[in-house]
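Please keep the sequence and the model in view while reading.

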4 protein chains.
Amino acid sequence: MSTVRIGVIGAGIMGADHVNTLHCHVSGAVVTMVADIDVERAATVTAGVPGARASGDPHALIGDPEVDAVVIASHDATHAELTVAAVRAGKPVLCEKPLAPTTAECLRVVREERQTGRRLISLGFMRRFDPAYRELKEAIAAGGCGAPLLSHCVSRGVSSAPGATDELSVTGSAVHEFDTVPWLLDSPIEEASWHAARSTGTITGLRDPQLMLLRTADGALATVEVFLNAGYGYDIRCEVVGERGTLALAGPARVITDTAGARSLGHPADWRPRFADAYRLELQAWTDAIVSGGPCSLATAWDGLVASTVAEAVITSMKDGGRSVAVQVPEV
Amino acid sequence: MSTVRIGVIGAGIMGADHVNTLHCHVSGAVVTMVADIDVERAATVTAGVPGARASGDPHALIGDPEVDAVVIASHDATHAELTVAAVRAGKPVLCEKPLAPTTAECLRVVREERQTGRRLISLGFMRRFDPAYRELKEAIAAGGCGAPLLSHCVSRGVSSAPGATDELSVTGSAVHEFDTVPWLLDSPIEEASWHAARSTGTITGLRDPQLMLLRTADGALATVEVFLNAGYGYDIRCEVVGERGTLALAGPARVITDTAGARSLGHPADWRPRFADAYRLELQAWTDAIVSGGPCSLATAWDGLVASTVAEAVITSMKDGGRSVAVQVPEV
Amino acid sequence: MSTVRIGVIGAGIMGADHVNTLHCHVSGAVVTMVADIDVERAATVTAGVPGARASGDPHALIGDPEVDAVVIASHDATHAELTVAAVRAGKPVLCEKPLAPTTAECLRVVREERQTGRRLISLGFMRRFDPAYRELKEAIAAGGCGAPLLSHCVSRGVSSAPGATDELSVTGSAVHEFDTVPWLLDSPIEEASWHAARSTGTITGLRDPQLMLLRTADGALATVEVFLNAGYGYDIRCEVVGERGTLALAGPARVITDTAGARSLGHPADWRPRFADAYRLELQAWTDAIVSGGPCSLATAWDGLVASTVAEAVITSMKDGGRSVAVQVPEV
Amino acid sequence: MSTVRIGVIGAGIMGADHVNTLHCHVSGAVVTMVADIDVERAATVTAGVPGARASGDPHALIGDPEVDAVVIASHDATHAELTVAAVRAGKPVLCEKPLAPTTAECLRVVREERQTGRRLISLGFMRRFDPAYRELKEAIAAGGCGAPLLSHCVSRGVSSAPGATDELSVTGSAVHEFDTVPWLLDSPIEEASWHAARSTGTITGLRDPQLMLLRTADGALATVEVFLNAGYGYDIRCEVVGERGTLALAGPARVITDTAGARSLGHPADWRPRFADAYRLELQAWTDAIVSGGPCSLATAWDGLVASTVAEAVITSMKDGGRSVAVQVPEV
């Protein structure tokens with residue numbers, strides 16, 4: 001097999017983005033089908049992809065003989081069920097994070113995959129493919145800055161999506177950090193606490209920004225700020241403090257402007273321009289692994305379970321006065 | 001009076017630095033005397049200042065008729081006693097931080113000054129005069145970034161002084177942040193907690209780096225990292241996150257070097273080059289206030305008491321599992 | 001046609017890089033053949049590409065029925081002849097710069113293409129696809145900084161290739177600037193002069209760095225520094241100064257390191273990491289245009305002729321005391 | 001003598017700034033008199049300085065028994081005459097640049113000073129005292145980047161003063177570079193040429209920006225851009241390219257702002273905030289040298305003559321088609 005025929009479930013912003021990336025920028029990938037409960041929306045997306053069909057039925061897509069592998073970018077609540085369906089159909093599946101909103105559901109998905117005896121599920125923690133994060137991880141591993149002791153992580157966005165809640169800030173946004181921190185520091189998170197800052201007045205009923213403290217098995221401490229309504233731009237920062245030095249992501253701006261009294265560098269408006277390369281490289285690595293039948297470097301269902309477990313500990317802390325909560329990953 | 005005759009107590013690094021700054025860079029200041037329990041050391045310092053006398057007795061300096069005002073840069077343990085002596089002599093005194101190692105002693109000093117009915121004591125929280133911190137404070141006050149919600153503060157040094165302890169990291173280093181945060185955010189600290197990160201292996205018996213969380217009366221949350229043995233340089237950072245944007249200190253490097261595969265900007269080796277301007281402007285403001293008899297813009301004994309109270313709360317948290325501790329400033 | 005079968009001529013660094021990019025990262029591209037006068041070298045490159053054949057005969061590759069389109073990355077001296085052969089075979093060809101070492105040869109190639117009545121030739125001025133340069137061009141066109149008045153361009157490398165000469169610095173390196181400057185400023189270069197700086201002592205017999213002044217038809221002036229043996233890294237800079245502000249490329253570093261007394265950002269070691277994205281996007285655009293039969297956004301043979309004409313003017317200035325030389329593009 | 005009684009001639013922006021700096025920030029300096037042909041303006045300035053007298057007669061100031069030393073910040077056309085008067089009065093004099101508008105007049109001043117057998121004249125090339133330029137010079141001298149080969153200098157301002165001419169851009173603004181370049185590179189300028197870029201449309205009748213090429217005796221080449229109406233801010237840049245690396249001024253911003261889609265760093269509005277420290281340190285060094293009777297580290301009348309000679313060569317080039325003009329410093 002030299003090309004993979006891919007079906008994409010979900011024709012929203014993320015799904016449409018994946019279809020476009022797969023079609024235009026991923027070698028060996030052919031998008032053959034797009035499913036969305038709103039079939040019109042699916043059709044709009046397939047309009048740009050010669051030969052691709054639109055469907056209103058995700059399960060039909062999963063079972064379609066012209067679909068070798070499945071990308072799931074539909075509503076979070078559907079992730080677990082559709083992932084399990086793909087697994088049962090014996091097809092590789094790339095599920096957008098989170099794997100499921102609860103640990104219990106994640107666990108069920110992990111167990112389903114276990115039973116097949118195959119690695120079929122990949123999880124869309126795309127930061128692992130971002131060139132800047134990769135360089136950061138390599139530099140930490142190279143050891144020039146010594147053992148990591150602390151990490152400072154910041155996730156800021158322009159404005160929260162409709163329906164944002166304190167819990168969704170954790171499960172939908174902070175969850176990226178719950179995967180990134182142990183991946184960078186090479187040690188699992190064992191303890192977490194949650195702390196509210198004074199909330200922004202630009203949105204009511206949401207505690208935003210939030211601050212979390214994470215502690216790894218190695219004892220390293222990470223501060224995580226999540227601020228969905230930061231207003232000024234989409235801004236992801238990460239610094240790792242080691243015994244002999246620190247390593248941090250540089251900003252992504254490509255052009256410097258001197259005008260109107262200031263030097264300025266633009267911030268991305270949202271996550272798509274910031275992580276376009278990460279998505280492309282993730283989808284390429286996924287496609288390559290399917291074509292070659294070799295090992296797949298994407299995050300696994302297990303990684304998704306672990307991140308959701310941390311999220312649950314953080315939410316427990318949120319509801320219990322900010323106390324420190326142990327992270328206990330269930331046995332599979 | 002157009003010049004102030006100043007006596008400096010303590011001829012260590014800080015004292016010698018103050019003598020030099022006063023003599024070479026402060027308009028209206030004349031250093032007439034330097035006292036140190038090691039009179040030889042005092043004499044080494046006065047050697048560069050025509051007309052200045054050396055003494056082995058700080059109290060003699062305080063009482064000397066050719067000393068109009070006193071700078072105290074001797075050992076921390078002597079600050080309270082010498083400050084009280086200067087107050088009793090009716091002389092303006094600039095005491096290096098901390099005012100005293102304990103809140104109780106700070107309180108005693110504040111009360112002594114109260115009784116004179118005059119403002120005589122200034123405290124060496126020199127960051128208030130650092131041009132970068134001042135610009136930061138003005139930008140916060142200007143309001144373009146909205147109300148402050150969060151602040152991230154970092155204090156890193158190359159290596160800790162001999163005799164460093166977990167408590168001294170708080171009372172000697174973090175104390176600057178305890179003054180800076182409420183000064184910048186314009187709201188007192190009401191709550192504090194302390195959290196150990198994995199400690200650096202470069203020094204034994206010290207929990208370093210440390211992380212603190214501070215909460216102001218307005219509800220803003222500040223993270224404070226203090227890392228005495230960061231190794232790579234002296235690095236002070238501060239970011240304030242507001243509702244519509246953030247403000248942060250830019251780095252102090254003046255020259256960019258491209259060499260050996262990298263672009264680099266030097267870090268100061270210690271606090272002196274970083275805060276040379278702050279010390280100069282602080283000493284100038286102090287001298288000007290004495291000459292003019294007008295109000296003095298330096299931190300007060302009360303500010304020193306408040307910062308020490310925060311430090312005590314942090315140390316209580318340190319000894320009690322990192323729990324959140326209320327900051328209660330005693331009544332004067 | 002949904003995929004393009006591509007033959008690559010030249011299995012050196014650049015050719016091997018193109019084969020790898022086409023095979024791994026370009027959607028719709030299939031590398032079917034690699035030719036090099038050293039057939040072993042060609043075979044080493046095809047070893048990583050299932051189904052690709054190696055050849056020692058570039059002309060056999062051009063005529064091969066399984067080759068739809070040709071990439072030329074062989075020695076500069078062969079570019080013109082092989083490009084003409086591909087044109088005569090009626091196949092789209094992407095020729096690495098320069099199109100030919102002399103204007104006369106460039107002209108012959110342009111005329112050959114003219115006669116076919118088709119646009120078959122693309123030239124590898126890959127900077128036009130670099131995301132940073134594109135953003136710079138868009139920002140200039142957006143007009144926020146006003147009409148461009150000046151531009152400052154810098155091309156520095158670690159060390160010159162064996163056989164470097166003063167002329168090759170111009171035709172091989174500065175030529176990128178001769179394409180970039182008019183492309184950015186949207187006005188052709190009409191005048192050029194060449195100026196030697198004091199030469200580096202690290203290599204003998206080469207005038208390095210060199211400085212050039214270019215003037216566009218609009219009157220904008222560009223300074224171009226080319227320094228092949230800059231030693232410290234591969235560093236490409238560009239600033240455009242307009243009536244109300246300036247625009248410049250930001251550095252490409254992704255990670256900031258604080259260690260050993262300095263904050264540092266790494267420079268790429270050579271052009272490949274710096275322009276990896278540019279090459280990928282250029283090859284993707286080329287492949288897409290062939291697949292779709294639509295217009296091709298790459299530089300043309302005419303662009304290559306124009307850049308070579310500027311290079312000749314610069315070399316005339318070099319040999320004639322740095323005087324200003326008019327750029328006269330020959331009629332086709 | 002432990003204090004110097006200083007008279008300042010010129011109560012315009014520059015003079016008022018010097019009076020304020022001397023009075024508030026220079027140890028050992030006492031401003032006793034301010035003279036301006038507009039005596040009201042002088043009185044406004046002295047109002048803030050207890051004990052200082054205002055005068056309408058510069059010559060009276062020079063001759064006043066309470067004036068030990070003279071600062072000249074009056075109109076450029078008066079510099080030479082007043083400097084000579086101070087020299088004849090045997091008083092140290094700090095003259096703002098330029099020493100005189102023409103080389104001939106500069107020469108006359110240098111000769112007057114020669115005759116006294118004393119070093120009395122200092123010239124206000126304050127960049128020599130700017131901490132960033134000094135660090136740059138020290139780093140060049142330290143040799144880590146190898147011998148200097150090239151330098152790129154940029155002087156941009158918001159808008160030109162009324163009465164700006166092409167020549168005044170050279171004698172009033174570029175002249176700073178004519179002093180800075182040889183001071184940094186430690187080699188005199190031997191050759192210069194002038195090149196007009198397309199002029200900004202924001203002001204008529206002025207060729208702005210201008211570009212100059214300077215060559216030192218060592219063969220190093222410097223590009224100098226002077227753009228008086230750059231609009232966006234006051235921006236002084238300098239990069240020195242050596243055999244093994246480059247050194248450049250970092251920007252002076254102290255605060256980083258993230259707001260409204262961009263990260264930004266403010267530019268100074270004009271030269272005063274940018275060079276406030278340079279002026280202070282220059283005036284302090286001048287005062288110290290007078291107090292101590294020791295050598296004075298400021299630029300000399302000779303330095304002023306040399307810079308004016310370069311300016312004349314540049315203007316000759318401007319009027320003669322941009323040809324390269326030799327710089328010939330007259331014999332004294």
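B:Arg263 has C:Leu265 as its bridge partner in β14(C). That pair belongs to strand β14 (residues 262–266) of chain B and β14(C), which pair in the antiparallel sense over five bridges. Strands count as paired if DSSP finds at least two bridges between them. The model is a predicted one: local features need pLDDT of at least 70, side-chain atom pairs count only at pLDDT 80 or more, and totals for chains, interfaces and linings use all residues. Residues are numbered from 1 along each chain as its sequence is written, while chains are lettered from A and ligands numbered from 1 in the order in which they are written.

**Where chains B and C meet**

- The contact takes 14 residues from chain C and 14 residues from chain B; residues are in contact if their C-beta atoms, placed from the backbone, lie within 7 Å.
- On the side of chain C that touches chain B, β13 (255–259) and β14 (262–266) of chain C each supply at least two residues.
- The largest share of that side, five residues, comes from β14(C).
- By class, that side of chain C has four nonpolar, seven polar and three charged residues. Nonpolar means Ala, Val, Leu, Ile, Met, Phe, Trp, Tyr, Cys and Pro; charged means Asp, Glu, Lys and Arg; the others, Gly among them, are polar.
- The copies meet through the same surface, because 100% of the interface residues of chain C are also interface residues in chain B.

**How the two copies are related**

- Six strands of chain A form an open sheet with parallel pairing, in the order β3-β2-β1-β4-β5-β6. β3 (53–55) and β6 (121–123) of chain A stand at the edges with a single partner strand each, so one side of each is left without a neighbour in the sheet.
- Strands (E, at least two residues) and helices (H or I, at least four) are DSSP runs, numbered from the N terminus.
- Strand β4 (residues 69–72) and strand β5 (residues 93–95) of chain A pair in the parallel sense over three bridges. Within β5(A), A:Val93 is the bridge partner of A:Val70.

**Helix α4 of chain A**

- Seven of the 10 residues of α4(A) are buried, including A:Leu82 and A:Val87. Buried means that 20 or more other C-beta atoms lie within 10 Å of the residue's own, with C-beta atoms placed from the backbone; exposed means 12 or fewer, and partly exposed lies in between.
- These buried residues pack against β1, α3 (58–63), β4, β5, α5 (103–116) and β6 of chain A.
- Just after α4(A), A:Gly90 takes a positive phi of about 75°.

**Strand β4 of chain B**

- B:Ala69 and B:Val71 point one way from β4(B), B:Val70 and B:Ile72 the other way, and all are buried.
- Four bridges join strand β1 (residues 4–9) of chain B to β4(B), and the two run parallel. B:Val71 is the bridge partner of B:Val8.
- β4(B) also pairs with β5(B) in the parallel sense, over three bridges. There, B:Cys95 is the bridge partner of B:Ile72.

Technical notes
Contact = placed C-beta atoms within 7 Å.
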